[in-house]
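Open the model in your viewer and keep the selection tool at hand. The stops below go one by one, each with something to select and a note on what is there.

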Amino acid sequence: MTLYGDKTPPADDRPTVQVTAVTWPDDGPDTATAPGPSEPEAGPRRPRRMRMLLAAGVTGGVFAAVAGAGAWAYAGDVPRGTSVLGAELGGRSRADADRELRAELARRAADHAKPLTVSVDGRTAEINPADVGLEVDVPATVAAAAAADAHPVSRLVGSRTVDPVVTVDVARLDDALRKVLGDQAQGMTMPAITYQGTKPKVVQPKPGLALAPERSAEVVRAGWLAGTPVTVPLVETHPTTTPEELDRLVNELAKPAVAAPVTLRTTKGSVKVPPAVIAKSLRFTADKTGKLTPSVDVKRLRAALGDDLNTIEVPAKDATMSISGGRPTVTDGRPGQQLDTATLGQDLLAVLPKADGREVTGELKPTQPELTAEKLSGLGIKEQVSTFTTRFTGGLASSRSQNIATIAKDVDGTVVLPGKTFSLNGHTGERGYAQGYRDAPVILNGKLVPGVGGGTSQFTTTLFNATYYAGLEDVEHKPHSYWFDRYPAVIESTIFWPDLDFKFRNNTEYGLLIDTSYTSSTITVSIWSTKIYDSVKTEYGPRRNITTPKLIHLEPGPSCIATNGINGFTQDAFRVIKKAGAVVKREKFTWRYDAEPRYVCGPKPN
């Protein structure tokens, strides 16, 4: 008989019970046995059945004793003899073990709160355990203690120590260790394939040394409880794409891709995609593991093809708005046809490795205008919110006046949606001879010289004031270096492609329309929308820091433009916005004007 079921404990752990045989007098012939040759004569023996009962009785007593001890050993949820961090949890319920462990942690709190010294690649620093979430997970530790493997006899006389379950915020720890490491980490050299013209350029992958967050957490958890300095290892990391795979990509895709053009066929004709365009649109992108993946960037493809797409595509036209008879009038747009780019990139990528059959079929799909008549009509553009006019001389025959008219026509009818920012440079693009602009005086390096697009600053100032008095948000503008009396002081703006721009934001819930008009001597810009404010006015501070012009003689010639000179000064202007009879906004604008020299075309008199 055994107390352990099918499992027998090791021999040296089992208790030994000595049982002595007892002989009783014999009850009769049928139950007695004759003595052996050397056996002394004895009295009558008790029957064998009685001897067996006696033996069973002794064994039963041992069973009862061991069973009682086993019940004691199994008392509580945690096996007896189990400790964590020196706290005896054995024989306790989970709740009691939880309280006892927390009490022990409270006694050790000062030690566990001490900064932990860590070394990373020779750099040493201290980390506050609380900053990285280092702590003992008490419920998890008690559960581990309750699950400790202890067979019944070991529960009686054995003991065991269970390590606490330590948690750490891996991400916060990794951030802290990266600060310790600084720029010493040797990042992987990612594989790359780019093009110089149509020739592939290759960057071979190389391994790097970096922190492994989970490994770092493992060594820090162990070192924290031990109270010893921790050396955090750096792990060598290799890019997923190997040098062999990189060479294969070059030979099987990058080189053949630009060996010949690809024909893009549609129902409205075909377009040749030359190798130079392929090189600009074929991308090899490495993810953070260093895996290099080829793809065709369709946006780059479209940009590189440029006007060639006009032979097969019809652009959608937005609905437009104009002012007719003093009221906004909407003209509906029209749908267009554009290449479906959903599968074009994959289709093109599939034929690039081929020497023959380099053709793809593009599908033309209908495209709707971004701004429909219905949407435009619902933007709340219903009344003139502001208008501003500046004057110029020379009539429309002068080059400067022509430039003003050209930019005004370009901007006329522009709709700015709620929340959007308008950029004058972004809208017009470069203003050069090809766009119809002429040479006229511009300020360059502090003096007037002939330059293409002169006069567009006057339109910019007019547009700036129209948006200013509409109460719209000023995003970017720069007043002139010198003040010209045809502009309001401070509240004016210059422009120059591509460095100086004028931007404003439609910070209302309504759309707005920019309406422009001009005469032989004036340029006017009006803003149409829904009126929000009662009034927008400017209050000026006095001019200060007045400076007078210098006299400068210049070499006479076509590039010399004489001036009379203008005083310089500093001035403040305040935009005061009222709504419902109260001031809701007061904005300060300040500018310092230089004194424009008096330029004379000719040498100094003797």
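Helices (H or I, at least four residues) and strands (E, at least two) are DSSP runs, numbered from the N terminus. This is a predicted model, in which local features need pLDDT of at least 70 and side-chain atom pairs count only at pLDDT 80 or more, while totals for chains, interfaces and linings use all residues. Residues are numbered from 1 along each chain as its sequence is written, and side-chain values use heavy atoms, with hydrogens and water left out.

**Stop 1: a loop residue**

Select Ala580, in the loop between S34 and S35. Its phi is near 55°, a positive value in a residue other than glycine. Is Ala580 buried or exposed? Ala580 is exposed, with a relative accessible area of 73%. For these labels, buried means under 20% relative accessible area, exposed over 50%, and partly exposed in between (1.4 Å probe, protein chains only).

Now go to Asp121, in the loop between strand S3 (116-120) and strand S4 (123-127). Phi of Asp121 is near 50°, again positive in a residue other than glycine. Asp121 has 42% relative accessibility and therefore counts as partly exposed.

**Stop 2: Arg575**

Select Arg575 in strand S34 (residues 568-579). Arg575 has a relative accessible area of 2%, so the residue is buried. Show its polar contacts (pairs of N or O atoms within 3.5 Å; within protein, one must be able to donate a hydrogen and the other to accept it, and residues adjacent in sequence count only if both atoms are side-chain atoms). The side chain of Arg575 meets that of Glu587 in a polar contact of 2.7 Å. The Arg575 side chain also reaches the backbone oxygen of Leu472 at 3.1 Å. Contact here means heavy atoms within 4.5 Å. Leaving out residues up to four places away in sequence, Arg575 touches a set of residues including Thr467, Tyr468, Asp474, Val536 and Phe589.

**Stop 3: the cavity**

Rolling a probe the size of a water molecule over the atoms shows where empty space is left. On a 1 Å grid over the protein atoms alone, a cavity is a set of points where a 1.4 Å probe fits but cannot get out, and lining residues have an atom within 4 Å of a point. Grid points are joined across faces, edges and corners, and a volume is the space filled by probe spheres set on the points.

How many cavities of 30 Å³ or more does the structure hold? There is one, and the largest cavity has about 50 Å³ of space. Select its lining: Phe464, Thr467, Tyr468, Leu472, Glu473, Asp474, Phe502, Lys503, Phe504, Arg575 and Phe589. Helix H15 (456-469), strand S27 (473-476) and strand S28 (503-505) are the elements that give two or more residues to this lining. H15 gives the most, with three residues. By type, the lining divides into six nonpolar, one polar and four charged residues. In that count, Ala, Val, Leu, Ile, Met, Phe, Trp, Tyr, Cys and Pro are nonpolar, Asp, Glu, Lys and Arg are charged, and the others, Gly among them, are polar.

**Stop 4: aromatic rings**

Rings of Phe, Tyr and Trp (its six-membered ring) pair if their centres lie within 6.5 Å; planes under 30 degrees apart count as stacked, over 60 as edge-to-face and the rest as tilted. The structure holds ten aromatic pairs. Select Tyr468 and Phe589, an edge-to-face pair at 5.6 Å centre to centre with 65° between the planes. Tyr468 lies in helix H15 and Phe589 in strand S35 (residues 582-593), so this pair ties together parts that are 121 residues apart in sequence. Tyr468 and Phe589 are both buried.

**Stop 5: a cis peptide**

Select Trp497 and Pro498, joined by a cis peptide bond with omega about -5°. Pro498 is found in the loop between S27 and S28.

**Stop 6: Thr241**

Finish at Thr241, in the loop between strand S12 (234-237) and helix H8 (243-257). Thr241 counts as buried because its relative accessibility is 6%. Its side chain reaches the backbone nitrogen of Leu292 at 2.9 Å.

Definitions and conventions. 1 Å grid on protein atoms, 1.4 Å probe; cavity = no way out; pocket = protein on both sides within 12 Å on 5 of 7 lines; lining within 4 Å.
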